[in-house]
Amino acid sequence: MSHHQWTQEHLAWYINDTLVGEEHARVHQHLNECVLCRQEYAQLKCLSQHVSLEAARPLNSAAAFAELQPHLDQSSSAGTVSGFFSTFRQTPVTMRYVMAAQGAALILLASVLFLPDFDSNAVSGYTTLSSASSNHGDLRLVFDTQATQEQRELLLQSYGLELVGTVSSRGIATVKWSGKKRQEKLESLRAQSAIVLAEPVGDVAE
Amino acid sequence: MELTDRDRRRPPDEHERRLLDRVVERDRLAFEQLFYAYHPRLQRFVTRMVKHAWLADEIVNDVMLAIWKGAKSFAGNSRVSTWIFGIAYRVSLKRLRRRRLRAIFVHNDIAIEQASHDGGYDLDEQREWLQRGFDQLSARQRAVVELSYYSGYGYAEIGKILGCPENTVKTRMFHARRILKRVLPTLEHETIQRGRQTK
């Protein structure tokens, strides 16, 4: 960068007396040599004087302070919350995302657990073939897909089994399982070609 | 670091640091002293940046409140005044951005405010052409000119206040000077002519 350009860049601060040492001397020396920079200096000096001497708007600092005072009290009492947000703002961006994600997860969990409509029994009421949700003492049967409705009913009648609910479209049924010689009955049922699976639900004492 | 003439004329920073320490301890009296020391300077700087006196009033109050709440966040690696002017600069820019967005939807807003601003207090000729010259600059350029010519900061300190490199400060000043040079003589001539016609 040429002396001329460098001086042009620093003139404003030469005028306001904030250049020191070598920088100040460099501008000073160039001004002695360059007519253009001297003209620029004169214009800037004039502008600087205009700006600094410009009449200030009449101010009422006392009124402004009085207006501020109630807010000072508020800010003292709300220090904890504002302190949290202030700390949050000073946290690095990546950490803020992590904190926000954790917060969102906590809110989601809390909303699931504490929602008034949430019924934990409703979840446990959902049954699958392997679930032990039926009353103890029931027997779960899976009929062969080839077995007709008639064959199923006949089989249940011959073993004296009472249906709990209905037979599902996939041939799954739950029957009451009580009485004597249940183990023998169970083995006999399992031997039937129309039965794919026969399994007591829960612990059934003989 | 070498002291400039300007530095020697400035009040020592230690006094303001002590005041700020007391503000951290919630000392109202210390805050009041700081408020009276900075209110006129901030008012002028912010008015120059945002161009509307009523908006500047709001911003200066926000800045002073931020100092009251956040005095303990002053790291001590700059002058207290640099820290305070930095807050004022950032709050002003934020408010200007918000206003610019709102102005897209409310066209008349700015015209009405300008009218109330003009009628709010008397402007002498010098002030008028200077203000109109400054209106041609961006808020960031106005900040650099004001901090240099009125507040008397060096480019390094202005860089700290504005949170930008020193070279950016120099570039902004360079462009601001070019615009002001182009605009001010014309405006000055116009104003004087208008003054003669009204007499």
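Modeller: Residues are numbered from 1 along each chain as its sequence is written, and chains are lettered from A in the order in which they are written. Because the model is predicted, local features need pLDDT of at least 70, side-chain atom pairs count only at pLDDT 80 or more, and side-chain values use heavy atoms, with hydrogens and water left out.

Biologist: Why is I161(B) called buried?

Modeller: Buried means under 20% relative accessible area, exposed over 50% and partly exposed in between, with a 1.4 Å probe and protein chains only; I161(B) has 0% relative accessibility, so I161(B) counts as buried.

Biologist: What is I161(B) in contact with, leaving aside its neighbours within four places in sequence?

Modeller: Contact means heavy atoms within 4.5 Å, and I161(B), leaving those neighbours aside, is in contact with T82(B), F85(B), G86(B), Y89(B), R90(B), L147(B) and Y153(B).

Biologist: What makes a set of residues a nonpolar core?

Modeller: A nonpolar core is a set of buried Ala, Val, Leu, Ile, Met, Phe, Trp, Tyr and Cys residues joined through side-chain atoms within 4.5 Å. The largest nonpolar core has 74 residues, and F45(B) is one of those with the most contacts inside it. Helix α3 (residues 28-50) of chain B gives the most to this core, with 10 residues.

Biologist: Which elements does chain B have?

Modeller: Helices (H or I, at least four residues) and strands (E, at least two) are DSSP runs, numbered from the N terminus, and chain B has 10 helices and zero strands.
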